[in-house]
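Work through the exercises below with the sequence and the model open. Each task is followed by a solution in steps.

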Amino acid sequence: MSRTFWITLFIAFANSLSFTILIPILYLYSRQFGLNDFQTSLLFAIYAASQFFATPVIGKLSDRFGRKPLLIISLTGTVIANFLAGTASHASMLFFARFLDGITGGNVSVAQAIISDITPPQGRARAFGMFAAVTFGLGFVVGPALSFAAQHFSLGTGFLVSSAIASIALLATITNLPETLHTKAERARNIFDLGLGNLITGLVMPKVGILLIINFLIGTTFTIFTFAFQPYYLKVLGQDNKSLTLLFVTFGMLAFFMQSKGVAFLTQRFNLVTILFLGLSVRSLSFLLMPAVTNMVYFVIISMVFALFNALVQPMVSTLISLNAKPEEQGTVMGLNASYLNVSNAFGPIIAGIIVNQANPITYSYPLYLAGGLTFSVLLFAIATRRQYAPVPTS
């Protein structure tokens, strides 16, 4: 792996920390502003919906002007937004901060485009596995641990720490990251052609389009689960936020192991599509089993199995999309992928927020069952359409 790869990995890791610090605290932080479950779901949704429109624009502009300037803009937005959220005195400021972070979002898709730029096709599964291991695996270890420490001061402190860490990633991007885009896309004849049209045309791109649809469905079912996971753990199982943070750390350690070691092991023995099916199968079964028995030990065991195999899903989808796209389209397709994944994050929490009733805690199990059934349906759809996106083997 090249020096640029490791620099990109460091930047992506710092950016990941700025996100994973917030996961254990965002739900409870919203409660400090008097938001109910449905209003909290809208807080999740506004971030995701704004990213839906912003990410393809950032992806296309990175194909046109380069990866580095767009990554700088995106990280700057994260720094400002999380500072505003951490110092917010009213719910409206918190909503604005989440919107700002979303509309300038695109950090992950630009970083993935850099990985595509510098990695040959035959090495991308391993590269994206390492990328996921550091960002979503190790990030989920260190981020919640920092969140745990920040909670000794206040929940808002977590946002301020997030802003500071994003500043480190921004500084590293400015001072150390070289430009990796060598084949730039043609300049648009219309200055208003920012890539939003690709949200529609991307769905009919050969091989890539079907993967965008699959990932949208994967993301929707997953965020139905994630919105209900925290209140289920806190209110049904009767645990506290600090033990929840430690559980997230455990999830991160398992994901890091799978993505750093397991992906390389599995890709030597199975094709990418088969590994994707394995991840989706275990994810579906885990969602259905988690609420089946109201017991803490049982829940943790099922959750650990889930964390281990769930770590396979996104690296496989990202690799399949990258392998099915042209070199000069990597930023665009990674932006589209992130965009559809982000808008799925808007639908999932709203669906979960509608079907739960905070006066009746057992209803927090309903989204888990729903997510399990829907994930199984997505798996069947992915199996039925596999010939449309399976990459041609390379030597």
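## Exercise 1: A salt-bridge network

In this predicted model, salt bridges link Asp-63, Arg-67 and Asp-117 in a network.

**Task.** Find which residues form a salt bridge with Arg-67, and state how far apart the closest N and O atoms are.

**Solution.** 

1. Start from the rule: a side-chain nitrogen of Lys or Arg must lie within 4 Å of a carboxyl oxygen of Asp or Glu.
2. Take Asp-63 and Arg-67: their side chains meet with an N to O distance of 2.7 Å, which is a salt bridge.
3. Take Asp-117 and Arg-67: the closest N and O atoms are 2.7 Å apart, and this pair is a salt bridge too.

**Solution.** 

1. The cut-offs needed are under 20% relative accessible area for buried and over 50% for exposed, with partly exposed in between.
2. Asp-117 has a relative accessible area of 23%, so it is partly exposed.
3. Arg-67 has 1% relative accessibility and therefore counts as buried.
4. Asp-63 is buried, as is Arg-67.

## Exercise 2: A pair within one helix

**Task.** Describe the salt bridge of Arg-98 with Asp-101 and say how many residues separate the two in helix 5.

**Solution.** 

1. The closest N and O atoms of Arg-98 and Asp-101 are 3.4 Å apart, and the pair forms a salt bridge.
2. Both residues lie in helix 5 (residues 91-103), 3 residues apart, which means a separation of about one helical turn.
3. Arg-98 and Asp-101 are both buried.
4. As a check, the count of salt bridges by this rule comes to 3.

## Exercise 3: Two packed helices

**Task.** Determine how helix 10 and helix 12 pack, and which residues meet.

**Solution.** 

1. Two quantities are required, because a pair of packed helices is described by the angle between the axes and the distance between them.
2. For helix 10 (residues 208-236) and helix 12 (residues 272-289), the angle is about 30° and the axes are 12 Å apart.
3. Helix 10 is therefore roughly parallel to helix 12.
4. The crossing of helix 10 past helix 12 is left-handed.
5. From helix 10, Ile-218, Thr-221, Phe-222 and Phe-225 meet Leu-280, Arg-283 and Phe-287 of helix 12.
6. Sorted by type, the residues of this contact are 5 nonpolar, 1 polar and 1 charged.

Technical notes:
Residues are numbered from 1 along each chain as its sequence is written. This is a predicted model: local features need pLDDT of at least 70, side-chain atom pairs count only at pLDDT 80 or more; totals for chains, interfaces and linings use all residues. Side-chain values use heavy atoms; hydrogens and water are left out. Axes are lines fitted to C-alpha atoms, for helices over the stretch in contact, and angles run from 0 to 180 degrees between N-to-C directions. Helices (H or I, at least four residues) and strands (E, at least two) are DSSP runs, numbered from the N terminus. Angles under 35 degrees count as roughly parallel, over 145 as roughly antiparallel, 65 to 115 as roughly perpendicular and the rest as oblique. A crossing is left-handed if the near helix is turned anticlockwise from the far one by less than a right angle, and right-handed if clockwise. Contact means heavy atoms within 4.5 Å. Ala, Val, Leu, Ile, Met, Phe, Trp, Tyr, Cys and Pro count as nonpolar, Asp, Glu, Lys and Arg as charged, and the others, Gly among them, as polar. Buried means under 20% relative accessible area, exposed over 50%, partly exposed in between (1.4 Å probe, protein chains only).
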